[in-house]
Amino acid sequence: MSSLSERPAAAVVGVPMPHESAALHVTGAALYTDDLVMRTRDVLHAWPVQSPHAHARVTALRVKPAYDVPGVVRVLTADDVPGVNDAGVKHDEPLFPGEVMFNGHAVCWVLGETLEAARLGSLAVEVEYEPLPSLVTVREAIDAGSFQGIGRHLERGDVEAALAGAEHVFRGEFEFAGQEHFYLETHAALALVDEYGQIFVQSSTQHPSETQEIVAHVLGLASHSVTVQCLRMGGGFGGKEMQPHGFAAIAALGATLTGRPVRLRLNRTQDMTMSGKRHGFHSSWTVGFGADGKLVALDATLTADGGWSLDLSEPVLARAMCHIDNAYEIPHVRVDGRIAQTNKTSQTAFRGFGGPQGMLVIEDILGRCAPLLGYDALELRRRNFYQAGDSTPYGQPVRHADRLESCWSQVLSGGEVAARLEAIEAFNATHEHVKRGLAMTPVKFGISFNLTAFNQAGALVHVYKDGSVLINHGGTEMGQGLHTKMLQVAATTLGLPLARVRLAPTRTDKVPNTSATAASSGADLNGAAIKNACEQIRERLAQVAGGRLGISPSDVRFVDGVARGLSGDGVDWNELVNLAYHQRVQLWAAGFYRTEGLHWDANAMRGEPFKYFAYGVAASEVEVDGFTGSYTLRRVDIVHDVGDSLSPLIDIGQIEGGFVQGAGWLTLEDLRWDESTGDRRGRLSTQAASTYKLPSFSEMPETFNVTLLEKAHEEGAVYGSKAVGEPPLMLAFSVREALRHAAAAFGPAGTSVDLPSPATPEAVYWAVEKARTGTTDWQAETTPPNPGGDTAPPSLGGDVSPPPLERERE
């Protein structure tokens with residue numbers, strides 16, 4: 001066992017404990033970026049002037065009328081930028097655009113003594129536009145050939161030959177929507193300048209180092225002149241990985257020009273109309289199956305809707321392509337990926353980072369094709385699982401593939417799936433207008449940043465003379481419990497009670513050049529860096545303790561605040577620290593970690609980009625009303641692999657939250673942009689919780705069982721743990737597939753259901769109507785036999801293929 005993953009007997013990690021800020025959260029005492037305004041004097045407030053056009057050239061900008069509004073102090077325009085007028089790492093996001101690229105694009109910003117003064121000042125700014133042609137949907141962009149960035153190609157085997165020899169071949173299209181992050185705390189920044197001209201920015205950001213970098217180049221400064229701090233975020237989900245940089249730069253520019261602190265906080269409508277979302281995708285595919293139901297070949301084209309600029313669209317697309325296999329062995333694969341440029345917000349990172357989009361394609365294929373092949377969807381999925389020795393289409397061995405089967409079997413047994421399927425069949429036979437459905441889906445999700453350079457982290461650990469410990473690390477806290485886990489890691493490594501360790505806010509002048517808290521890697525990277533720093537200190541203290549106890553330093557063990565020898569004699573931690581100080585022993589350390597074993601050729605789409613895979617399985621049961629399409633999520637059973645959990649309560653909460661967020665994306669949250677040719681073209685119609693449906697208590701399952709996979713130690717990861725942030729989101733595929741099962745039950749035996757995503761009640765209603773009437777552009781001439789024979793589960797589908805699914809060969 002590696003030293004990184006080895007866990008001591010008396011460990012603070014693995015102990016169920018509440019979030020370190022839980023009491024502050026529920027009492028309202030937790031401070032967020034915008035709370036700091038009340039503690040800062042003479043703050044100016046920023047308000048944007050937003051474009052009413054999806055695409056237009058700015059032909060005139062007159063700011064003078066704004067200065068006639070009482071309380072307006074400054075209007076920021078491109079002429080005020082001393083450095084680079086760009087807020088993106090790809091240099092394609094002008095901070096003050098001369099050509100607006102989406103409805104809501106900010107042309108300039110007004111600073112006022114009050115927020116109301118700034119708002120009224122923005123209304124006084126006069127802007128003239130020359131409207132230009134716009135592309136609002138991904139299909140419009142495809143038809144127009146409007147693409148951006150670098151397209152990618154992933155291939156293994158001989159797809160043409162495999163399809164030619166396949167027993168069954170289907171082809172189809174699938175377009176699915178994006179998702180609004182809807183973090184409780186909107187984008188916020190507070191910037192001020194000290195007497196030396198140093199910029200200090202408080203920002204709600206998942207990537208303080210990159211926020212620092214963007215602010216510096218907008219202001220024409222070196223990075224050491226800018227410090228960015230993030231106390232905590234009220235949610236991020238990827239939406240604060242790239243998007244905060246421009247807002248922080250606006251606040252910093254305003255503070256530099258006025259000499260006063262500047263606060264920028266978007267209201268909910270501004271946040272939704274100005275910030276990026278999860279990428280919607282269009283996919284077209286051809287798939288081949290053997291006579292035994294095994295996947296033979298997949299030929300697919302994925303088109304990501306990138307919005308107006310690149311942002312993180314290229315790595316999002318790459319991860320989608322790397323996850324199109326999900327948990328299934330596909331011998332022959334060809335996937336082409338491209339990024340559409342549309343006149344919408346620049347779509348960005350969102351929990352799963354393209355993985356959910358790629359995985360959804362194969363899950364939709366299996367759900368639609370299972371009845372056409374004569375298989376129960378559960379059986380079709382299970383028989384295509386990766387096995388020991390298999391590799392992904394991009395060449396990475398699938399280690400611990402057996403955990404898929406372990407999770408699946410535990411859900412089958414613990415969730416009483418076979419008995420419930422029989423009960424569902426009986427219920428459906430006696431209820432004409434209400435049907436139930438149950439589905440099980442797996443998850444295999446790669447953990448690490450696709451860009452190898454991001455897989456590094458730093459930490460700074462201080463031990464003070466009184467024995468107290470302060471840790472700094474480069475990860476940010478957005479409610480996911482990272483700081484809680486980091487406290488547990490530090491306490492475990494130093495052999496201290498948790499109460500002796502405190503954690504400082506994340507800031508760039510403590511730990512530099514950090515990666516974003518993203519890719520589910522926050523605990524892996526920062527935990528290993530903290531462990532490294534604590535081990536350096538522990539080794540120095542072991543030398544002191546060994547001298548005091550008259551034993552070899554290698555025989556010293558730190559347990560519960562005491563350094564002990566093998567004989568049981570010990571020295572108290574506080575006394576030991578005091579001894580070390582007086583012996584002039586260094587009591588602080590900078591830790592560092594880089595993930596080993598990664599290599600990735602982005603151009604060839606080959607290599608081993610992930611440290612490991614996280615696995616999980618969910619079974620979901622739904623009940624659908626045939627009159628309205630409304631549905632109830634009756635029960636969810638989950639078994640998920642988090643390795644040896646660092647903090648079980650935190651991990652279970654992450655699994656529950658990720659699942660619910662995934663269910664929201666797949667079944668409720670319906671982003672709508674105006675596609676008309678009128679003045680409102682390109683306007684986001686779903687701008688608030690009143691028009692954008694989020695999961696609430698009424699959508700929670702009546703029974704929600706979450707179990708952590710046991711005996712799942714992950715070698716080479718901090719204390720044997722695994723990431724938990726993103727993988728659980730994809731467990732929600734089971735909800736959508738259960739809705740497909742229930743909708744099919746309204747039709748004749750063997751109905752294949754084409755289900756949109758999100759599968760809103762309206763979408764489910766129309767799917768039910770098609771199932772009832774057998775509406776389809778194609779009817780199978782024969783129903784294939786069930787190759788599973790008597791041992792296969794009862795069929796959940798049948799012989800009707802919905803458009804645009806086409807059957808080429810039986």
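The largest cavity holds about 340 Å³ of space, a volume being the space filled by probe spheres set on grid points joined across faces, edges and corners. Before going further: this is a predicted model, where local features need pLDDT of at least 70 and side-chain atom pairs count only at pLDDT 80 or more, while totals for chains, interfaces and linings use all residues. Residues are numbered from 1 along each chain as its sequence is written, and side-chain values use heavy atoms, with hydrogens and water left out.

Back to that cavity. On a 1 Å grid over the protein atoms alone, a cavity is a set of points where a 1.4 Å probe fits but cannot get out; a pocket is an open set with protein on both sides within 12 Å along at least five of seven lines; and lining residues have an atom within 4 Å of a point. Six cavities of 30 Å³ or more turn up in the whole structure. The largest cavity is lined by 19 residues, and closest to its centre sit Glu93, Gly246, Phe247, Met274 and Trp308. Strand E5 (106–112) and helix H7 (244–258) are the elements that give two or more residues to this lining, and H7 gives the most, with three. Helices (H or I, at least four residues) and strands (E, at least two) are DSSP runs, numbered from the N terminus. By residue type, the lining of the largest cavity splits into 12 nonpolar, five polar and two charged; here Ala, Val, Leu, Ile, Met, Phe, Trp, Tyr, Cys and Pro count as nonpolar, Asp, Glu, Lys and Arg as charged, and the others, Gly among them, as polar.

Now for an open space. The second largest pocket has a volume of about 940 Å³. It has 34 lining residues, and Glu175, Phe176, Ala177, Pro756 and Ser757 are the closest to its centre. Helix H4 (138–144), strand E8 (168–176) and helix H19 (761–773) each give two or more residues to this lining, with H19 giving the most, at five. The lining of this pocket comprises 15 nonpolar, six polar and 13 charged residues.

On to the charged pairs. The whole structure has 49 salt bridges, each a side-chain nitrogen of Lys or Arg within 4 Å of a carboxyl oxygen of Asp or Glu. In one of them, glutamate 363 pairs with arginine 381, with the closest N and O atoms 2.6 Å apart. Glutamate 363 belongs to helix H10 (residues 355–373) and arginine 381 to helix H11 (residues 377–383), 18 residues apart.

Arginine 382 is partly exposed at 27% relative accessible area, and glutamate 405 is partly exposed at 30%.

Lysine 722 and aspartate 641 form another salt bridge, 2.5 Å from N to O. Each lies in a loop, lysine 722 between strand E29 (703–708) and helix H18 (733–744) and aspartate 641 between strand E28 (631–640) and helix H17 (648–667), so the pair ties together parts 81 residues apart in sequence. Both residues are buried.

Technical notes. Buried < 20%, exposed > 50% of the residue type's maximum accessible area, 1.4 Å probe, protein only.
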